[in-house]
Amino acid sequence: MSSTERDVDNALAYPEPPASPLWHRHGAKARPLTDAQRQRNRELLVLAQRTTRPRSPRTTETLTEAS
């Protein structure tokens, strides 16, 4: 018997249970976006990519000096 056969976890030898039926969506599908909604999303995306996120200012002291 090789080392790979000895090291196999027996729990992994069984197949996974089937996916829960709750994971599948049944019913009405989402309506497609209108052209105006798509344009607004594009504008917001461009704006978000251009602007920088504010950062909290860092102090010049180290943690040990502040204590």
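I take helices to be DSSP runs of H or I with at least four residues and strands to be E runs of at least two, both numbered from the N terminus. On that basis I looked up the order of elements, and from the N terminus on they run α-α-α, the totals being 3 helices and 0 strands.

I note that this is a predicted model, in which local features need pLDDT of at least 70 and side-chain atom pairs count only at pLDDT 80 or more, while totals for chains, interfaces and linings use all residues. Residues are numbered from 1 along each chain as its sequence is written, and side-chain values use heavy atoms, with hydrogens and water left out.

I then searched for salt bridges (a side-chain nitrogen of Lys or Arg within 4 Å of a carboxyl oxygen of Asp or Glu), and the count came to 1. Asp-35 pairs with Arg-38, their closest N and O atoms lying 3.0 Å apart, and both residues belong to helix H2 (residues 35-50), 3 residues or about one turn apart.

For accessibility I used relative area with a 1.4 Å probe and protein chains only (buried under 20%, exposed over 50%, partly exposed in between). Asp-35 is exposed at 58%, whereas Arg-38 is partly exposed at 39%. Of the 67 residues of the protein, 0% count as buried.
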